[in-house]
Amino acid sequence: METLIIIIVIVVALFILGWYISVSNNLNRALVKIDEANSGIDVALTKRYDVLTKMIDVVKAYSKHEKETLFEVIKMRNNMTMEEKNEANNKMTHNFEQIRLLVENYPELKSSENYKTLQLSIADVEEHLQAARRMYNSNVSIFNQTIVTFPNSIVASMKGLTKKDFFEADETKKEDVKINL
């Protein structure tokens, strides 16, 4: 009978030890997921900074180039003599009659494509950042639920674990980003 009691005590002790180890491991995994998600936010913030600063520089440079080119074309046309303007007009009229389309001799402007690309890049990096924040908050929610649920709360308390804070944007971050082009 004593042997049976000792065996039961050992089995119960092993069960409690196994349960403690299992809950402890689950909590440790949850903490790792929170750290990983936090790192994901840092990666997304870095990507946002890198992509947007480079895209803004490209758009500014290309816009400046197009503005200068357009002014050069206008300046060149202003310096034409009346005879040169008449000759150019006659050639354009002739071409118009042949193809029924008049095309100005302006360089092809492409900055609008750069602006579209910038808009798409902004949307893309912001979506990645939001996804990283959602992942972080999801992992924090799972962890917080786990440590307040009985009997997991016993292990969490023994390990000194407390609830984690959710990601919340600073007041300044809640405002729209001002992009000066």
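Guide: Let's begin with a cut-off: buried means under 20% relative accessible area, exposed means over 50%, and partly exposed is whatever falls in between. One more thing before we start: this is a predicted model.

Visitor: Stepping back, what pattern does the protein chain follow along the sequence?
Guide: The chain has four helices and zero strands. Reading along the sequence, you get α-α-α-α.

Visitor: What share of the 181 residues is buried?
Guide: The accessible surface of the chain is about 13,900 Å², and 58% of that belongs to carbon and sulfur atoms. As for residues under the 20% cut-off, their share of the 181 in the chain is 19%.

Visitor: How confident is the prediction, and which helix has the lowest mean pLDDT?
Guide: For the chain, the mean pLDDT is 77, and 65% of the residues reach 70 or more. Over residues 98–107 the pLDDT is below 50, though this stretch has 13 contacts in the model beyond near neighbours in sequence. Where pLDDT is low, the predicted coordinates should not be read in detail. Among the elements, helix 4 (residues 152–158) has the highest mean, 91, while the lowest, 56, belongs to helix 2 (residues 82–99).

Visitor: Which element gives the largest share of the largest nonpolar core?
Guide: That core has 17 residues, and those with the most contacts inside it are Leu-27, Tyr-136, Phe-143 and Leu-161. Helix 1, helix 3 and helix 4 each give two or more residues to this core. The largest share, eight residues, comes from helix 1.

Visitor: What does Leu-161 touch?
Guide: Leaving out residues up to four places away in sequence, the partners of Leu-161 are Leu-27, Leu-31, Phe-143, Ile-147 and Ala-156.

Visitor: How many residues make up the second, separate core?
Guide: Among its members are Leu-52, Met-55, Ile-56 and Leu-118. The count for this second core is six.

Visitor: Met-55 makes me curious about Ile-122. How far apart in space are Ile-122 and Met-55?
Guide: Ile-122 lies in helix 3 (residues 111–148), and it is partly exposed because its relative accessibility is 24%. In sequence, Ile-122 and Met-55 are 67 residues apart. In space, C-alpha to C-alpha, the distance between them is 9.2 Å.

Visitor: Is Leu-129 buried or exposed?
Guide: Leu-129 is also found in helix 3. Its contacts, not counting residues up to four places away in sequence, are Ile-41, Ala-44, Leu-45 and Arg-48. Leu-129 and Ala-44 are 85 residues apart in sequence, yet 4.9 Å apart C-alpha to C-alpha. With a relative accessibility of 0%, Leu-129 counts as buried.

Visitor: Does Asn-139 count as buried or exposed?
Guide: Asn-139 has its place in helix 3 and touches Lys-33, Ile-34 and Ala-37, not counting residues up to four places away in sequence. Its relative accessibility is 11%. Because that is under the 20% cut-off, Asn-139 counts as buried.

Visitor: What accessible area does the nonpolar patch on the surface have?
Guide: The patch is formed by Met-1, Leu-4, Ile-5, Ile-8, Val-9, Val-12, Phe-15 and Ile-16. Of these, Leu-4 lies in helix 1 (residues 2–78) and is partly exposed at 48% relative accessible area. Together, the patch residues have an accessible area of about 850 Å².

Visitor: Last one: which residue does a cis peptide bond join to Phe-150?
Guide: Omega for this bond is about 10°.

Notes
Residues numbered from 1 in each chain as written. Predicted model: local features only at pLDDT ≥ 70, side-chain atom pairs only at ≥ 80, totals over all residues. Heavy atoms only, no water. Buried < 20%, exposed > 50% of the residue type's maximum accessible area, 1.4 Å probe, protein only. Areas by Shrake-Rupley, 256 points an atom, 1.4 Å probe, with all protein chains shown as cover. Contact = heavy atoms within 4.5 Å. pLDDT = per-residue confidence, 0-100. Patch = residues over 30% accessible without salt bridge, like charges linked within 9 Å, V, L, I, M, F, W, Y side chains within 5 Å. Salt bridge = Lys/Arg side-chain N within 4 Å of Asp/Glu carboxyl O. Core = buried A, V, L, I, M, F, W, Y, C linked by side-chain atoms within 4.5 Å.
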